[in-house]
There are 2 protein chains.
Amino acid sequence: MQDGTFHTLGHLQETWTRGDVFAANCPTRQLLDRIADKWSTLILIVLGEGPIRFNALKHRIDGVSQKMLSQTLKSLERDGLVSRSVVATVPVSVTYAVTPLGRTLMAAMQSMIDWAETQMPQVAAAQTAYDARSPDPH
Amino acid sequence: MQDGTFHTLGHLQETWTRGDVFAANCPTRQLLDRIADKWSTLILIVLGEGPIRFNALKHRIDGVSQKMLSQTLKSLERDGLVSRSVVATVPVSVTYAVTPLGRTLMAAMQSMIDWAETQMPQVAAAQTAYDARSPDPH
DNA sequence: CGCACCTGGTATCCATTGGATACCCAAAGG
DNA sequence: CCTTTGGGTATCCAATGGATACCAGGTGCG
């Protein structure tokens, strides 16, 4: 398969111990690895506002490359979290939307966003303090 | 600085538009990029159970390399999410623990874990269906 | 007609990241 | 001695991500 594929795992495993997120073969952990991802998170947040076309999405998410966007969308579609529909307009336009399953994930993610927004000053302060303690002795 | 440093961003920016997670310079997004990370998530979950030493942590999290573990711990410490304490035992032992700030993040992350554990069958089914539709035409 | 432009991608190449391995220190134990 | 132990760092190589170029194929424009 091509350059940076997402399909290396094939499909999720069948057997696991519930709660054992730390064994590499635990499907929960595989799933966590997939969704604990920069672009997936951002894409789902934007899609939460409503269906959107590929290029609009690309311009909305600052810094995402076309390659990562199409790869990540493909993987999210495979996971049943977003749906892809080709609208046969003049230049074919492709619209992406969150599925009901994806919407349940978004609720869980929202608490992380909220945390980041509210706790940011704390983190910035901690960083400043840390950097002051270790003066980067070069 | 050495090989795979985490400090490339220096420190978080000062000016932003609240809720604008999509501009690359938004501190919330920088923070999100940092915590929406495979190893950070796993480390915080383990640390949530109580303080733990470096090697114990390493053996607990299947598949993490020593390099990534020490790098990620350093970055989490800088962000004020975990604390590192050197106990002057015979071979020096280092204990890591979650800070109160880190504990607030863990609560937010827990909903993601719960989602992964409960919705995994849905995702596995979606993947199977997807793979059946696109027969990988080689 | 011939050319550029639109959308939604792929193919290619190179920089950065992550993983495996080896090594380091100092003290204890055989 | 020589190995083991804990907590790393240094080095090297494979995998990942990003930049850029290209493609299809229909449309408007000179």
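Copies are superposed by least squares on the C-alpha atoms of residues with pLDDT of at least 70 in both, and the rotation axis used at the start of this tour comes from that superposition of a predicted model.

**The two copies and their axis**

Begin by showing chains A and B together as C-alpha traces: chain A can be laid on chain B by a turn of 180 degrees with a shift of 0.0 Å along the axis, and the RMSD is then 0.1 Å. That is the relation of a two-fold axis. Next select Ala36(A), whose C-alpha lies 2.3 Å from the rotation axis and which, of the residues of chain A, comes closest to it. If you then colour the interface residues, you will find that 100% of those in chain A are also interface residues in chain B, so the copies meet through the same surface.

**A helix pair across the chains**

Now select helix H2 of chain A, residues 38–47, together with helix H1 of chain B, residues 27–35; their axes are 9 Å apart, and they pack at an angle of about 130 degrees. H2(A) and H1(B) are therefore oblique to each other. Show the side chains here: on the H2(A) side the contact involves Lys38(A), Trp39(A), Thr41(A), Leu42(A) and Ile45(A), which meet Arg29(B), Leu32(B) and Asp33(B) of H1(B). Sorted by class, the residues in this contact of H2(A) with H1(B) are four nonpolar, three charged and one polar.

**The sheet of chain A**

The three strands form an open sheet in the order E1-E3-E2, with antiparallel pairing. Its edge strands are E1 (52–53) and E2 (82–87) of chain A, each of which pairs on one side only. Strands of a sheet pair through backbone hydrogen bonds, either parallel or antiparallel. To follow one pairing in chain A, select E2(A) and E3(A), residues 93–98, which run antiparallel and are joined by six bridges. Within this pair, pick Ser85(A) and look across to its bridge partner in E3(A), Thr95(A).

**The hairpin of chain B**

Finally, move to chain B and select strand E2, residues 82–87, with strand E3, residues 93–98; six bridges join these antiparallel strands. E2(B) and E3(B) form a hairpin, and five residues stand between them. As a last stop, centre the view on Val86(B), which stands opposite Val94(B) in E3(B).

Key
Residues are numbered from 1 along each chain as its sequence is written. Chains are lettered from A and ligands numbered from 1 in the order in which they are written. This is a predicted model: local features need pLDDT of at least 70, side-chain atom pairs count only at pLDDT 80 or more; totals for chains, interfaces and linings use all residues. Side-chain values use heavy atoms; hydrogens and water are left out. Axes are lines fitted to C-alpha atoms, for helices over the stretch in contact, and angles run from 0 to 180 degrees between N-to-C directions. Helices (H or I, at least four residues) and strands (E, at least two) are DSSP runs, numbered from the N terminus. Angles under 35 degrees count as roughly parallel, over 145 as roughly antiparallel, 65 to 115 as roughly perpendicular and the rest as oblique. Contact means heavy atoms within 4.5 Å. Ala, Val, Leu, Ile, Met, Phe, Trp, Tyr, Cys and Pro count as nonpolar, Asp, Glu, Lys and Arg as charged, and the others, Gly among them, as polar. Two strands pair if DSSP finds at least two bridges between them.
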